[in-house]
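Hi,

Here is the structure I said I would pass on. Have a look at it first, then read my notes below.

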Amino acid sequence: MICKSWPENLGPILCIVGARPNFMKMAPILRALAGHSPAIPSLLIHTGQHYDRDMNDRLFEDLRLPRPDINLEVGSGTHAVQTAEVMKRFEPVIDESRPSCILVVGDVNSTLACTLVGVKKGIPVAHVEAGLRSFDRGMPEEINRVLTDQVADLLYTSERSALDNLLHEGVSQARVEFVGNVMIDSLMANRELARRPADILDAAGFDGSVAASPAGYAVVTLHRPSNVDQEETLRPLLETLREASERLPLIFALHPRTRGNIERFGLGDLVAGKRIVLLPPQGYLEMLGLMSSARLVLTDSGGMQEETTALGIPCLTMRENTERPITVEQGTNTLVGRDRRAILAGVTEIVASGGKRGRIPELWDGHTAERIASHLAGWLIARIGEGAKT
Ligand code: UD1
């Protein structure tokens, strides 16, 4: 059905963000909803799961995200407290705004919390980045992914393997739409604006020439609870990183969880010294600039596995599994786990030969958000048509 203006009986789409990795996914979607013909009304709801300048404000600025229409200000807490607070505070937002749909992205606690509230109130939920599975139920994100996908109405997938995972869990194919990777929309839209590594280091008070070292440099991030919450795990990982820094300098952007644990376990010496530059969590344009010029990236992040594949930069993922297998099969990603030998061998190989080149996966083309907006609009309008018939 083609209409000139958005139907009056369809309320706004509530677009949910909570934590850092949500912001780069939602920015292109908001633009695509507004740019759709007819424009699709939306409200940006921030749960407040991430709240400080480094984890939140700078990313909003970099991604040119509008100020949230509503901030639930839940802040930090245990998983139970954080999830429950989001649910409690989100319910009245639904009552007041009477949305046509709730749109959630990714796999953070806010994703699951808002999904549960929405489906129980009979509001359709659309999940962007559905169907990714690490098959590791010890990861809080895996629980969020599995539960969200079981109950959401529309599942937008970023790689084809996601459909197999969903079918295996008994999800009907009719709910699934392969649209591509919305993170890559943000990456493509911002690539030209990425900051220069030397400027980033200078601004942080470090010698910018580290970025121009003949061996290049590696970007490091580490924040998964399974890697950083126990001293027996974090200490050997940092020791291995220290050894890796003898091969090329490391630029290590420290997540607050990791910084806190390094202090708590007294491991600061392992990351001190000229060949390891410690930075606070970086803005989006800074991280894009640092990754684009890096020799390699060492990470346990989900999103950075995808971004390095899109940039053609080799990535060593310090995890035993990945929910994004296409980055290994087609992209530049290699799983090295926490194994000292595998990590150092990976670094040596990339320094010597350049590492995996990879190719860009299907539909990681910068137009995913438009596909989501157009599919969602069609689905919502058809749904009121169905409602009118019954
Ligand atoms: C969350 C997501 C994870 C995502 C990550 C990216 C879940 C289950 N996990 O994990 O999937 O990869 O975000 O960062 O939702 N903190 C701050 N400032 C902030 C936010 C948090 O200092 O703005 C501190 C908290 O007090 C806490 C720690 O960082 O000690 C962890 O924050 P939390 O939101 O619980 O989870 P993440 O580990 O960031």
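Which atom of the ligand does a polar side-chain atom of histidine 223 lie 2.9 Å from? It's an oxygen atom of the ligand. That pair is a polar contact, meaning N or O atoms within 3.5 Å (within protein, one must be able to donate a hydrogen and the other to accept it, and residues adjacent in sequence count only if both atoms are side-chain atoms).

Before you go on: this is a predicted model, where local features need pLDDT of at least 70, side-chain atom pairs count only at pLDDT 80 or more, and totals for chains, interfaces and linings use all residues. Residues are numbered from 1 along each chain as its sequence is written, and side-chain values use heavy atoms, with hydrogens and water left out.

An oxygen atom of the ligand is 2.7 Å from a side-chain N or O atom of glutamate 141, and a nitrogen atom of the ligand is 2.8 Å from one in the side chain of aspartate 52. The protein covers 84% of the 750 Å² of accessible area that the ligand has on its own (Shrake-Rupley method, 1.4 Å probe).

In total, 20 residues surround the ligand, each with a heavy atom within 4 Å of it. Gln49, His50 and Ser76 are among the closest. By type, the shell divides into five nonpolar, nine polar and six charged residues (Asp, Glu, Lys and Arg count as charged; Ala, Val, Leu, Ile, Met, Phe, Trp, Tyr, Cys and Pro as nonpolar; the others, Gly among them, as polar). Domain 1 (13-180 + 364-389) and domain 2 (195-353) each give the shell at least three residues; the bounds come from an automatic or database domain assignment.

Next, the largest nonpolar core. This is a set of buried Ala, Val, Leu, Ile, Met, Phe, Trp, Tyr and Cys residues joined through side-chain atoms within 4.5 Å, where buried means under 20% relative accessible area (1.4 Å probe, protein chains only). Of its 62 residues, Ile13, Met26, Ile29, Leu103 and Leu376 touch the most other members. Helix 1 gives this core its largest share, eight residues (helices are DSSP runs of H or I, at least four residues, and strands runs of E, at least two, numbered from the N terminus).

Asparagine 333 counts as buried because its relative accessibility is 0%. Its side chain makes a polar contact with the side chain of glutamine 305 (3.0 Å).

Cheers

How values were computed. Buried means under 20% relative accessible area, exposed over 50%, partly exposed in between (1.4 Å probe, protein chains only).
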